[in-house]
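Please read this briefing beside the sequence and the 3D view. The notes are grouped by topic.

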Amino acid sequence: MADRPKTTEPAQRRLSPRKRQRILRGVQYVILVAAVVALALWANWPSLAQNFARLDIAELMLPDLFTVALLNTIIYSVGGFAFSFVFGLILALMRLSTVGPYRWLATLYIEIFRGVPALLVFLLILFLPLALQGFSVPFGTYGQAILGLGLVGTAYQAEIFRAGLQAVPKGQTEAARSLGMSATRAQFTVVVPQAIRIVIPPTTNQFVSLLKDSSLVLFLGVSGQYVELTKFGNDMASTHANATPILVAGLTYLIVTVPLGYLAGRLEKRKGTSR
Amino acid sequence: MTHAIEIKDLHKHFGQNQVLRGIDMTVEPGQVVCVIGPSGSGKSTLLRCVNLLEEPTRGKVLVEGVEVTDPDVDIDAVRRRIGMVFQQFNLFPHMTALQNVMIAQQRVLKRGKKEAEAVARENLRKVGVGEKCDSFPGQLSGGQQQRVAIARALAMDPSLMLFDEPTSALDPELVGDVLAVMRQLAEEGMTMLVVTHEMGFARQVADRVVFMDGGVIVEDGPPAQVIGDPQHERTRTFLERVLHPEE
């Protein structure tokens, strides 16, 4: 009790909260400037440029950078995305099914494929022909890559769809059912279309994530016409003993991922205002 | 003559919670029956048991002689004959008003697009939102949305309509439009079971008023009696509170 008047008495305070905040902000700027100056002085700029930003090497990457590497990256990720979209929806519907075993199977799949590294799934795919005699993934490397990305993506996409389906109010199903629609018809004419709208923003993020995971195709041991951005950059880097190609590959990813990220943000905002 | 609705010894439990404890009532074709009562009295549950949105725990519900509680009955076929209007409208937000009224005609009654559209436009016009065909539910006021919902139910040519507190989610100035549409329906001879708090509507439009409390029907009779001259203490207390909330 005796302390309280003391702390609320402005005269007894050294600094007002606002003053303290201003000083704190000043300190942050000082640290930032010091760090930048130190970095500029300490870094060996010519050596950095020599190793990471050789324009002549970057030029050698054209036009294959776009016509082969980026194209393959997009084929792998779009394929894997289409795979995971379809099976993710099926899995989400299974997960919300009234039939117990469907729920358990879906949960099992989702837990497994979200719980192991995507790389591990790719490595296992390489061994599929050994495990299943006479079996080979159709469409060769494209098939393998799309399967790997699809299997992993399905687990995440299923969870996105589950959240979307659950976000559709129960009254929607009731209205559809009371108009005489069967449970299945109500689900597909009324609930699923709304769920898909709801999941567009997280699905966009999921696509970006698949696009980055497509770099794991590197471990399928691909070459030639199948290389995607990361593999392409890495190979070029080895050839020229220079890191520039890797940096260029990274920038090429950003050309796609950054706009998509903004798009997802915009969609999310629009959803917020329309609902 | 078959009753439009016949309810026999209806019980509904949600776990330990006994919401309906033995309801017996009938609605005759062409009748308008209003169900009133305090919240939690089970009136919405009663209504939802009629088209089996809630599965009764015990008892029977017959709609036009068909026992909806019989597991062998095609409930989708029965529901086609029963229009339902919800407190929260439950319009499909991803479709325009017109599409909302067309979709079940096309998918359930298998009407062609042209016919479904003609029926939809006519019903939307009838409920006074004919000029809103191309609007999405989010662009309509609550009163307009509820009228689209009524048109959606009417487009299925139901022989009976259920209304679950159709005006409770509306701003006061929009209630009148919806009640006017319901009144018109009643005058056309539609069989209606209406859960409502609108005492004026119940008094003027209903053939019978049913007062529910604690999961049972306390009083059932013409509005002049149930609202005008209630026989039971519980009915009197409830009406007192609804009609004179400030006293």
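**Briefing**

A:Val199 lies in helix α11 of chain A, residues 183-213. Helices here are DSSP runs of H or I with at least four residues, and strands are runs of E with at least two, numbered from the N terminus. This is a predicted model, in which local features need pLDDT of at least 70, side-chain atom pairs count only at pLDDT 80 or more, and totals for chains, interfaces and linings use all residues. Residues are numbered from 1 along each chain as its sequence is written, chains are lettered from A and ligands numbered from 1 in the order in which they are written, and side-chain values use heavy atoms, with hydrogens and water left out.

- The C-alpha atoms of A:Val199 and A:Gln157 are 9.3 Å apart, and the two residues are separated by 42 residues along the chain.
- A:Arg266 is found in helix α13 (residues 244-274) of chain A, and its relative accessibility of 65% makes A:Arg266 exposed.

**Surface patches in chain A**

- Patches are made of residues with over 30% relative accessible area and no salt bridge; like charges are joined within 9 Å, and nonpolar side chains (Val, Leu, Ile, Met, Phe, Trp, Tyr) within 5 Å.
- A salt bridge is a side-chain nitrogen of Lys or Arg within 4 Å of a carboxyl oxygen of Asp or Glu.
- A:Arg18, A:Lys19, A:Arg22 and A:Arg25 form a patch of positive charge on the surface.
- A:Arg25 belongs to helix α2 (residues 17-42) of chain A and is partly exposed, at 46% relative accessible area.
- A:Val99, A:Tyr102, A:Leu105, A:Leu108 and A:Ile112 make a nonpolar surface patch of about 470 Å².
- A:Tyr102 sits in helix α6 (residues 100-115) of chain A and counts as partly exposed, at 44% relative accessibility.

**The sheet in chain B**

- Chain B has an open sheet of 4 strands in the order β2-β1-β4-β5, with antiparallel pairing (two strands pair if DSSP finds at least two bridges between them).
- β2 (17-27) and β5 (66-67) of chain B are at the edges with a single partner strand each, so one side of each has no neighbour in the sheet.
- Strand β1 (residues 5-14) of chain B is joined to β2(B) by 8 bridges, and the two run antiparallel.
- B:Leu10 stands opposite B:Ile23, which is in β2(B).

Key
Areas by Shrake-Rupley, 256 points an atom, 1.4 Å probe, with all protein chains shown as cover. Lys, Arg positive; Asp, Glu negative; His and termini not counted. Charge placed at Lys NZ, Arg CZ, Asp CG, Glu CD. Buried < 20%, exposed > 50% of the residue type's maximum accessible area, 1.4 Å probe, protein only.
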